[in-house]
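My notes follow the order in which I checked things.

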Amino acid sequence: MHQADGIPPRGPGGSTRLATSRTLPLETHDLGTFDDLVDLVSGGGVVVLSGAGLSTESGIPDYRGPDGTRRVEPMTYGEFAGSSDARRRYWARSYIGWQRFNAAEPNEGHRVVTELQRSGYVDSVITQNVDGLHQAAGASDVVELHGSLDRAVCLTCGEVTSRLGLHERMTEANPGFMERFAEAAAAVGSQWGEQVRPDGDIVLQDSLVESFHTPRCLVCGHDTVKPDVVFFGESVPKTVVEQCFSLVEAAGAVLVLGSSLAVMSGYRFVRRAHQRGVPVAIVTRSATRGDAEATVRLHAPLGSTLTQLRGALGH
Ligand SMILES: [Zn+2]
């Protein structure tokens, strides 16, 4: 039933575009030990770099499986900006997916990061996630590298609007849509909840998509409202990138949690840390692109590992 949305363009080497490497190293051996991780974090000044793997325990699936390969293809910026049909497809899916996404709650991993911040070990958090779960867990100084699903912005006039308000408008414009979706899903025995993606998007039948009314901008009236997140094929804003480079360069250590670092937007910070002699620890279940730059590399579940880390630090 699922049709791939297309293959995201790959940027040239060193590009700041959000392009992905489709293959990752498959070796998953550890480097260093849990005690090395404790030593590194106990020094303080830690900058956390978190990815989708940190939110899987909140019920938000990762784009990649444990072997590091892509399971779904996200819509690219070019597709979204390029046609009304693509935007309708995006919003119809997102209308359904966001409801589950919005109900997700922080997990133990998010909570431990917040506690480590309050205890003075962690300074700031750079996240590739758009789910707002670090903030929901009480973390401060969170840089949202890829934006947030809480907001939407009009590509025509720049008007920023809340996602909740937009969702309410979509409900008014599409009476009975949720029910039709539920019927269609039940008819094919679909486990639709399992198909929600890290960006709140889901897989949806074409006939349903065609019946959906795309939300329009309240200011200019165009159907060009886009979630305020960085799509594949789009660049992270320069000011955000510079801010993150500064944080990483001044860090006592960089702690990567639940990211395969497959996209350059996150990997470049690990590379910069390594170049500047800032130690890097990576805790995630999958292989990562940054393994060669890591001082400590643990393939372990995040919730339990972070809980153990908090205990070892005496909190
Ligand atoms: Zn507008």
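Which residue in E8 is the bridge partner of Leu257? I looked it up, and the partner is Val283. Before going on, I noted that this is a predicted model, where local features need pLDDT of at least 70, side-chain atom pairs count only at pLDDT 80 or more, and totals for chains, interfaces and linings use all residues. Residues are numbered from 1 along each chain as its sequence is written.

**Entry 1**

I noted how elements are named: helices (H or I, at least four residues) and strands (E, at least two) are DSSP runs, numbered from the N terminus. Strand E7 covers residues 253-257 and runs parallel to E8, with four bridges joining them. For pairing, DSSP must find at least two bridges between two strands. On the other pairing of E8, I found three bridges to strand E9 (residues 296-298), again parallel. There Ile282 has Arg297 as its bridge partner in E9.

I then followed the chain from E7 through helix H10 (residues 264-275) to E8, and this β-α-β unit is right-handed. The term means that, with the strands pointing away from the viewer, the path from the first strand over the helix to the second runs clockwise.

Which way do the residues of E8 point? Val280 and Ile282 point one way, Ala281 and Val283 the other. In a regular strand the side chains alternate between the two faces of the sheet. All four residues of E8 named here are buried. Buried means 20 or more other C-beta atoms within 10 Å of a residue's own, exposed means 12 or fewer, and partly exposed lies in between; C-beta atoms are placed from the backbone.

**Entry 1: the core**

The largest nonpolar core has 68 residues. Such a core is a set of buried Ala, Val, Leu, Ile, Met, Phe, Trp, Tyr and Cys residues joined through C-beta atoms within 7 Å. Val48, Val254, Val256 and Ala281 have the most contacts inside it. H3 gives the most to this core, with seven residues. I also found a second, separate core of five residues, including Ala152 and Cys217.

**Entry 2: helix H3**

Does the span of H3 agree or disagree with its number of residues? H3 has 20 residues (84-103), and at 1.5 Å a residue it should span 28 Å; the end C-alpha atoms are 28 Å apart, so this agrees. The expected span is 1.5 Å times one less than the number of residues. I also found a kink of about 35° centred on Gly97. The bend is the angle between axes fitted to the seven residues ending there and the seven starting there. Gly97 is buried, as are Trp91 and Phe101, among others in H3.

E2 pairs with E1 (residues 46-50) in the parallel sense over five bridges. Val48 stands opposite Val125. Three bridges join E2 to E3 (residues 142-144), also parallel. Thr127 has Glu144 as its partner in E3.

Is Glu144 buried or exposed? Glu144 counts as buried, because 23 C-beta neighbours lie inside 10 Å. Asp141, in the loop between helix H5 (133-136) and E3, is partly exposed, with 13 other C-beta atoms within 10 Å. I noted that phi of Asp141 is near 50°, a positive value in a residue other than glycine.
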